[in-house]
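Visitor: Could you take me through the salt bridges here, pair by pair? I would like a close look at the partners and how they sit in the fold.

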Amino acid sequence: MDLPLITVLVASYNATEYLAELVQALQAQTLSCWCAIIVDDASTSGDPSAMVATLHEPRVRVIRHETNRGAGAAFNTAFRASDTPFIFIHGGDDLLAPTYFEKTLPLLLKDADVDAVFTDTQLFGARQVRWSYAMRDMAELTHAQWIPHVMLMRREVWERTEGHYEGPELRHGNVDWDFLLSLAESDPLRLAQVQEPLYLYRQHSDNMSNR
């Protein structure tokens, strides 16, 4: 097994039913140099630790918050428990196409000037839509979130910020946009893009974006 280069950070709250599929999608990656930290944000239904244990996947670790602290805090907990040079933020009910890391990691390995890589997004479930992103000036982030929150980034890029905001004001949305603003504000954010729908976003009524 390859030594891990990438830690997948997963924030999960009452989404245990989706975690097996998420882990199986990671196991199907054509590059195996990953590990994953799932933070159970005090779920009140399901048992993520017990479910993950049934998969017998040593690359996946579960940490539980004793109180619900929000997705931002869960991502921060996962990051602090990681030690790899690259970080990937992953929604708790989403999936990756098998070639996600194969198509994104080489762009970071071959060009030290690239901070992070993102791909197009494929919605599945309630809607089947492809989201594509056009590169814009970073200043436009103050008006619209044109960069997806889910992207492969260098560890030191995250470390330029204080991580995700954990205050109550963003518990119900926009913690991802706020984090991207922090990244862009800390230093020029140099991005690369793979124009293939390699991140699979599950669309259903419980999505935070719908609420």
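Guide: Happy to. A salt bridge here is a side-chain nitrogen of Lys or Arg within 4 Å of a carboxyl oxygen of Asp or Glu. This is a predicted model, in which local features need pLDDT of at least 70 and side-chain atom pairs count only at pLDDT 80 or more, while totals for chains, interfaces and linings use all residues. Residues are numbered from 1 along each chain as its sequence is written, and side-chain values use heavy atoms, with hydrogens and water left out.

The structure holds 10 salt bridges. One of them pairs E140 with R136, whose closest N and O atoms are 3.6 Å apart. E140 is partly exposed at 33% relative accessible area, and R136 is partly exposed at 41%; buried means under 20%, exposed over 50%, and partly exposed in between (1.4 Å probe, protein chains only). Elsewhere, salt bridges with shared partners join D113, D115, R160 and R190 into one network.

Next come D40 and R64, with 2.7 Å between their closest N and O atoms. This bridge links distant parts of the chain, 24 residues apart: D40 lies in strand 2 (residues 34–40) and R64 in strand 3 (residues 60–64). Strands (E, at least two residues) are DSSP runs, numbered from the N terminus. D40 is buried at 3%, whereas R64 is partly exposed at 39%.

Finally, D120 and R130 meet at 2.9 Å, N to O. D120 is buried, at 1% relative accessibility, while R130 is partly exposed at 42%.

Methods: Helices (H or I, at least four residues) and strands (E, at least two) are DSSP runs, numbered from the N terminus.
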